[in-house]
Amino acid sequence: MDYTLHLIVLVLIYASLVVSLDLLIGHTGILSFAHAAFYGIGAYATASLTVYGGWDWFSAMVAAVVITAAIAALVGIPTLRLGGDYFILAMFGFQLIVITLILNLEPITNGPFGIRNVPRPSIGSFQVQSGFGMALFVAAVTGIVFWVHWRFARSPMKAMLHAIRDDETVAMALGIDVVRTKIVVFAIGAGFAALSGSLMAFYFRYVTANSFVLSTIILLWAMLFVGGSCSIAGAIAGPAILVLFPELFRFVGGEGLDIPNIQEALYGLLLILVMIFRPQGLAGRRAG
Amino acid sequence: MEAILQVEEISQSFGGLRAVDKASFSANDTEITSLIGPNGAGKTTIFNIISGFLPCESGKIVFRGQSIRELKPFEVARRGIARTFQDPRVFADMTVLENVVVGIRQKGERPLWALVRGSRVNAEWRRARERSEAILSTVGLIDRAKDLARDLSFGEQRFLSIARSLVGDPAIIMMDEPTVGLDRGTSAKLLELMTRLVEVERKALLVIEHNMDVVMSVSAKVVLLVQGAVVASGTPAEIRQNRSMVDAYLGRRHAAASH
Amino acid sequence: MLLLQLFINGLASGAIYALTAVGFALIYNGTRIFHIAHGAVFTFGGYALYLFALPLGLPWIVALPAAVIATAAFGALMDTLVYRPLRKRGTGPAGMFIASIGALTFAQAMYSLVFGTDTLNLRKGGLPTFDVGEVTVTAVHVIAALVALIVFPVLQLFLTRTRWGRAIRALADNPRLAVVRGIDAERLYIVIFALGSALAGLAVVIIAFDLGVRPDMGFSVMFVALVAVIVGGVGYLPGAAAGGFLLGITQSLSLWQLSGRWQDVVVFGALLAFLVFRPQGIFGHMLVTRRV
């Protein structure tokens, strides 16, 4: 029972990451390779502020979101005004150096050892104790994230982002400040990723750089495209499938099998196959 | 009629090629000015320069008395210069109505506020929709408002791209070959729209055109561009008198073109 | 003298980056595909060399060219299996990139599964070296320099003097016009991928000799190669080569003051600097991917 709950929490955290990634990639056409890096920055900021800085959980969470959004804006300003390929490369590099920085800025990140004993969220003297309580917390925050994205999908903002995605030149000719909008959206997406990072820090109570490496962002992309972009349902379906499916391997008997690499191979293959045969994924509303 | 847009001695080269060579002309308010010339003469390049997508090495561009040379494309658009492109370039996956709504600027444009304010957003959405519907009525596409843009015929997409450009209530609309690819009937409807835009909505039009019938019938002024330079400029009658010059530059190609 | 040694080392690693960068740039210019899987093609060459040299025991004189050819073939295969179906579908550049990420991930995972994650060494014992003054020059330095000196002029000749080369440049300049003029784009894509991958193959056999073969070896090389393309100016092949050398030297010289852990940060810093101040690169080129 506990394990099932654990899986559900994992799916929820990934779903919250995928839905904010969808805002960037699916709706605005910003091929962000840095989402996992922002997830990591959020998680580390939360952990570092609570464990080393003695901050309370809520302030740490808010600060993590704000700091990450600010970093995203800083990185986005020079890179988003250039063409897509320059941006992709810059994010690729950003992802690499965030890992390097996490591993090497020992005073704040404890280097390769990670940060342990992240406190549980609390209201007054009541602190969430059980796994089930934490799962509820994660579900609540994830629910809010989904609600915001659902509202967005019903707002005029969505059409504007789609215009930027589909034809930037025409969008500019219509008076849309494309660069500024992209920077704002990028920062918002990064903020949400940081929020997911916070959740992760509180739930697992332990953060390491391993959770934010390149394979994480690839997993997120696979989840996004398998589930389908521009779709709230897809943002849940993708993580559900890609988290639960490897669990089947446990029953098949995974002794001596290099499960992580098998998973990686499958994610990679899945990305290719989805692009060739079903770019809109399971529930998505537009072809890649 | 007053000149609303003035282009003075603008020049631009690409690599070693001089695409625009000290071109000067002006477009008057509430009039249709046509820009004609052989393919590759630099007409679209001039549009791109005016609308801010390309730089120009020298010269002045003045709109309503103010220089717009250094402005970015979205700033040019917000000043009141709209443009269409050679391809309609509609947003295929959106509905006709959404295509038009996109250009309507929300007050303040703060995405987060829009989400939080709830009902205010709905009121703005409604206003935006009403304005868009009015524009669609002007161009005659109101019946197709709910259809996907990809399902429109080429001619309808052309009209949609014009509708889109009207959203910001521009003072001048630059149209890049609006009649290309249209059959006679649709062309006539387009001419009608252009005339209405000028006479009823009091807008100025700057039009790149190859179709001489169109040019001669609705333009107040014609500007002939050859190899990046303005070679002649005047009323349609004056240009017609310069027939030999026009033919020399356009003639053989024009006769061969099956317009 | 330490700085001089670092400089020589930087030239050698610069040659590797230059070869990889030019390979990538050739493919990018010719096909407009952000072929990030180039890194996996690079690694493939390393494993091919390993297989030819060790289990198969082919003499080096055979194994080395064979590995380069195998790399070229693998790159061409990737185009046929992954990019061509997407082209038929009309997939845009974003979709191509996503598929390329998939290919990179898949390939790298397969290398780990088949060969394990440890570094495989291709030589026993040290490299032949000799000293020139205070500087130690290894065989790798020499080979890298030789390869660069020979390959780049040959490539330049190929692109300017042969029919295929001119066709490739026509395709790179204006894809639609080239097709209208009768160029068989699909066949040319295979040639482009083979050629670009062969360059990566040349790079990897040099470095594999020195450092062995690992599943992720293509990775950081690829990153530096990509930055080299930007530094040199997208769309300009000699610029990519120059960028490769420049970054190799900079990275190596940075070791003078910084620990090796910060190498990626140095390169990223260079990337950011160029993106902010001079995105068109040193030589002032930006590939116009969209005509207004």
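**Helices within and between chains**

Trainee: Which way does α4(A) pass α11(C), left-handed or right-handed?
Mentor: α4(A) passes α11(C) in a left-handed crossing. Keep in mind that this is a predicted model.

Trainee: Okay! At what angle do the axes of α4(A) and α11(C) cross?
Mentor: Roughly 150 degrees, and the two axes come within 9 Å. Here α11(C) covers residues 263-277 of chain C.

Trainee: And which residues make that contact?
Mentor: From α4(A) you have A:Y86, A:A90, A:G93, A:L96, A:I97 and A:T100. α11(C) brings C:D264, C:V265, C:F268, C:L271 and C:L275. By class, that contact has eight nonpolar, two polar and one charged residues.

Trainee: Zooming out, how many residues does each of chains A and C put into the contact?
Mentor: Chain A gives 35 residues and chain C gives 35 residues.

Trainee: Which elements of chain A give two or more residues to the side touching chain C?
Mentor: Those are α3 (57-80), α4 (84-104), α10 (214-227) and α12 (259-277) of chain A. The residues on that side of chain A divide into 22 nonpolar, 10 polar and three charged.

Trainee: New topic: which residues of α6(C) are buried?
Mentor: In α6(C), residues 163-173, the buried ones are C:A167, C:I168, C:L171 and C:A172.

Trainee: Why are they on the same side of α6(C)?
Mentor: Because they cover an arc of only 135 degrees around the axis.

Trainee: What do those buried residues pack against?
Mentor: They pack against four helices of chain C: α1 (2-31), α5 (139-161), α7 (175-180) and α8 (185-211).

Methods: Residues numbered from 1 in each chain as written. Chains lettered and ligands numbered in written order. Predicted model: local features only at pLDDT ≥ 70, side-chain atom pairs only at ≥ 80, totals over all residues. Buried ≥ 20, exposed ≤ 12 C-beta atoms within 10 Å, placed from the backbone. Arc of directions from axis to C-beta. Contact = placed C-beta atoms within 7 Å. Nonpolar A, V, L, I, M, F, W, Y, C, P; charged D, E, K, R; others polar. Axes fitted to C-alpha atoms, helices over the stretch in contact; angles between N-to-C directions. Left-handed = near helix turned anticlockwise from the far one by under 90°.
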